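Here is a short report on a protein structure. Look over the sequence and the model before you read on.

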Amino acid sequence: MSSSAAAHPAHENQLSFVRQYIFSLDHKVIGKQYLFLGMFMALAGGLLAYLLRWQLAWPESAVPGMSWIPEPTMFQGIIPPEFYNAIVTMHGTIMVFFVAMPILLGAFGNFLVPLMVGAPDMAFPRLNMMSFWTIFTAAMIMLASFFVPGGAASAGWTGYPPLSADAVYTGVNWGITLWILGLALEFASFLMGGINFLTTVVSMRAPGLKMMRLPLMVWMQIVAAVIFMLSVGPLIAGAVLLLLDRTVGTSFYAVQKGGDPLLWQHLFWFFGHPEVYVVLLPGIGAVLEVLPVFSRKPIFGYKAIVYSTIAAGFLSFIVWAHHMFVSGMDFDLVMPFSITTILISVPFTIILLAMIATLWKGAIRLATPMLFALGTLMVFIVGGLTGIFLGSASADIYLHDTYFVVAHFHYTLISAVFFGGFTAMYYWFPKMFGRLMNETWGKIHFALTLVCFNLVFIPLFKAGLGGEMRRLYNPFEYDFLKPHQGLHQFATIAAILLMIAQLPFLVNFFWSMFKGKVADRNPWQANTLEWAAPSPPPHGNFDTAPSVYHGPYVYSAPERKEDWQPQHQPH
Amino acid sequence: MENTISEKLLAKSNGTLSHARPQKNGSLPTVELSINRSLLGLLIFLGTEAMFFAGLISAFLILKAGSAVWPPVDQPRLPVAVTALNTLVLLASGYTMHRAVRGARSGNQSALTNWLALTGVLGTIFLGVQGVEWGRLLSYGLTFTSSNYGATFYTLIGAHGLHVLAAVLVLMVVFIRALQKRYSVKNHDGLVLCQIYWYFVVGIWPVLYGLVYLS
């Protein structure tokens, strides 16, 4: 045995294909598996978005290219009301639980957390592998639910009883049971992931990497993990009760037998609102990593950002009832929840101002990751500002369940998931695949995405202010909504363009993976530890275990020749 | 092929949180924690478990507050006295578990296995008494579907019962490993994990007993 055989890559070659790429224990391979699963599910969620947008623009007409879907799901391309309910339900479920979480936490969390803390792998590699195959099973169950008798779940992504508790209301029996099962497995998967993230960050940091020297992406990932772990228990409890109502015949949520449907709404939103921050924070984290690198400046207010994030995480547990202002809950709760909801904009304002201050007088390089980071910032500000209207109960009573809400949460979630996700994708692609993505096509992708996205959702704000409720199969059956059809047709055309605008990305992504310019270790001249590892890092990550000597954002220090100083290099 | 590279790398630190890495700079602050990595993972998991029970308990309290008469007049009463004795059995199993771990810490293998066996017996007695009482309640007409009183009772107490069952099964594995003398004075991590989980299922029981039986 030669000495080179003991090196990591040689070992890796000994692994069979199955152990190396399918049942891999390497956090980076598992991260890529999450990424491809999330991208695949985004295609499914996007197809559903196309169907529902078409129905809203030209109701009850044949959707182009969809006549192959058999009866009784669709009729020669025409969407029946029952399937429309399933479309909106599954679009929300898939996009939140099977696109946003796998990509932002599963893919980038898995790939980056061990690298950024200087660890060879996650604390529990087997648990990590199990978490991926659990969510894979969950995703397959979700997709399979379209093919069972009665079709997929159609009680809304929030699954409110009585719609979700009894098949007499929706005609869907199997679909909702599979929906609960799929979500349960998804939660189990992210529980395993969360245990792994937290244990890794607490126990496996490189020497010298104090908590206050962690990259902000790691902070965002662990705060997101803590929020998720603490909020998901009550939802699992609620889901157990819902499953018992459906299968055993209990009446936890059946009001005619002494149950309480509001109980589900409380348990759901106790999880559901923190969940917003679970997917939001990693997207913000990607932006916070990119901004200092591409403005060659230290991050503004590192500690303020960390404490604001923790404060926002804490506040996220006491805002949930703002989703229930018109649900008939105790009116004394309305004012406290209005106050906490508006209070949570304070820490996020601090984070946004710190981002803007980081850009101030920086040597800004407008590479694609930076463009998407700035896009995230712009889009998120619109989402955050419109949230203030919805947080104050008096305005919410009018706006509740209108397209204003739809537009608002697409502005917040798409900023984090879509723009934040692309920020992360373009920025860490060289580390993931060892090659650079094409800049020109990246910029074209960014410009088209930003323009088309705004063209889709700005009309929906107007539709919502005009009093149009969401989840109507054909809104234009109502005389007062007939003038809105033009807005919806505009939004639908923009949505189709937005989907076409993703083609440059897909081509760029797969082309660059195999044919892109080969990247060196640190193509962006960044400081954090992942750039000290080879691109792509081998199984085991670093050639020598790194030690950390200072914080992650030392840029343009006047006494140095280079304008960056990697964390693992002494002064 | 049994051990993969990352496991070998992880094994360097032997499962504990202190890093055995070469340092270039002697004054560098190192990340040293005396807590076991698996224990940390378990504690995080138990935090989620606690929130799961908090969700079930709040559902119970909301449904109870929303009904005019609790328990409903036509529903049987819960066996308060028998379950009080059963509570003592479960609490005693917490003590025997403590003695078992003390045995392992002092290297006394027979104390370890004996106390572990007694813990398992007490846990099984608890489950058995619960099972018999459930049978009696069912025969008196308290079922899952007879009322929300029954539904919350079986859900909440049943969720705890499943946790005790899981703890007994884990204990059996640990007991077999103890018989094989796998736990030394220095290395008995698996035993400690079992102990913490056992304490968790013992610890939440008095809360559930007070809420469900004594109200």
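A residue is called buried under 20% relative accessible area, exposed over 50%, and partly exposed in between, using a 1.4 Å probe and protein chains only. This is a predicted model: local features need pLDDT of at least 70, side-chain atom pairs count only at pLDDT 80 or more, and totals for chains, interfaces and linings use all residues. Residues are numbered from 1 along each chain as its sequence is written, chains are lettered from A and ligands numbered from 1 in the order in which they are written, and side-chain values use heavy atoms, without hydrogens and water.

**Salt bridges**

A salt bridge is a side-chain nitrogen of Lys or Arg within 4 Å of a carboxyl oxygen of Asp or Glu. The table shows some of them, including one with Lys482(A).

| Pair | Closest N to O |
|---|---|
| Asp401(A) and Arg470(A) | 3.2 Å |
| Asp479(A) and Lys482(A) | 2.9 Å |

How exposed are the partners? Lys482(A) is partly exposed at 46%, while Asp479(A) is exposed at 60%. Arg470(A) is buried at 16%; Asp401(A) is partly exposed at 29%. Arg560(A) is partly exposed at 23%, and Glu562(A) is partly exposed at 33%.

Helices here are DSSP runs (H or I, at least four residues), strands are runs of E (at least two), and both are numbered from the N terminus. Asp401(A) and Arg470(A) form a salt bridge. Asp401(A) lies in the loop between α14 and α15 of chain A, and Arg470(A) in the loop between α16 and α17, so the pair ties together parts 69 residues apart in sequence.

**Chain B**

Chain B has 6 helices and 0 strands. Of its 215 residues, 47% count as buried.

Take helix α3(B), residues 80-105. It has 26 residues and reaches 38 Å from its first C-alpha to its last. That is close to the 38 Å expected at 1.5 Å a residue, where the expected span is 1.5 Å times one less than the number of residues. Its buried residues include Thr83(B), Leu90(B), Met97(B) and Ala104(B). What covers the buried residues of α3(B)? The cover includes α4, α5 and α6 of chain B, where contact means heavy atoms within 4.5 Å. Just after α3(B), Gly107(B) takes a positive phi of about 75 degrees.
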